[in-house]
Amino acid sequence: MTASTLTESQQHAAEMLAVGGDPGSVAVAVGVSARTPRRWRAMPEFAEAIGTAAADTFAEARTAVLGAAVAAATTARAQSN
């Protein structure tokens, strides 16, 4: 099983864990027992999916922050003229 062959529940759980979701809440959200996300973390494919989701989330946040900074600088420049 690779990260691309994780079940939909596993992929969703990996995404939630990547952004700081606690295993108990993640379990409720995907409809599994409270211990299941902890078991899944032991799977290399699942751990890889968490890492990938975290990297993707960071990249999206970085892009949003940089975009907001450019917009703020543009607005400040326009107001100072």
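Q: In which helix is the place of Val26, and is Val26 buried or exposed?
A: In this predicted model, the place of Val26 is in helix H2. A residue counts as buried when its relative accessible area is under 20%, and Val26 has a relative accessible area of 1%. Val26 in helix H2 is therefore buried.

Q: Leaving aside neighbours within four places in sequence, with which residues is Val26 in contact?
A: The neighbours within four places along the chain are set aside here, and a contact requires heavy atoms within 4.5 Å. On that basis, the residues that Val26 touches are Ala13, Met16, Leu17, Gly21 and Pro37.

Q: By what distance are the C-alpha atoms of Val26 and Ala54 separated?
A: Val26 and Ala54 stand 28 residues apart along the chain. In the model, the separation between their C-alpha atoms is 15 Å.

Q: What is the order of elements from the N terminus on?
A: The chain has 4 helices and 0 strands. Read from the N terminus, its elements run α-α-α-α.

Q: Which residues touch the most other members of the largest nonpolar core?
A: In soluble globular proteins, nonpolar side chains tend to be buried together. In this chain the largest nonpolar core has 13 residues, and the elements that give two or more residues to this core are helix H1 (8–18), helix H2 (23–30) and helix H4 (44–80). H1 gives the most to this core, with 5 residues. The members that touch the most others are Ala13, Phe46 and Ile50.

Q: Against which elements do the buried residues of H1 pack?
A: The buried residues of H1 are Gln10, Ala13, Ala14, Met16, Leu17 and Ala18. Two of these, Ala13 and Leu17, are among the contacts of Val26, whose place is in H2. Taken together, the buried residues of H1 pack against H2, helix H3 (36–41) and H4.

Q: At what relative accessibility does Gln10 count as buried?
A: The place of Gln10 is in helix H1, and its C-alpha atom is separated by 20 Å from that of Phe58, a residue 48 places away along the chain. Because the cut-off for a buried residue is under 20%, Gln10 counts as buried, with a relative accessibility of 6%.

Q: Leaving aside neighbours within four places in sequence, with which residues is Ile50 in contact?
A: Ile50 is one of the residues that touch the most other members of the largest nonpolar core. Once its neighbours within four places in sequence are set aside, Ile50 is in contact with Ala14, Leu17, Ala18 and Arg41.

Q: Which residue just after H1 takes a positive phi, and of about what value?
A: The residue with a positive phi just after H1 is Gly20. Its phi is about 100°.

Notes. Residues numbered from 1 in each chain as written. Predicted model: local features only at pLDDT ≥ 70, side-chain atom pairs only at ≥ 80, totals over all residues. Heavy atoms only, no water. Core = buried A, V, L, I, M, F, W, Y, C linked by side-chain atoms within 4.5 Å. Buried < 20%, exposed > 50% of the residue type's maximum accessible area, 1.4 Å probe, protein only.
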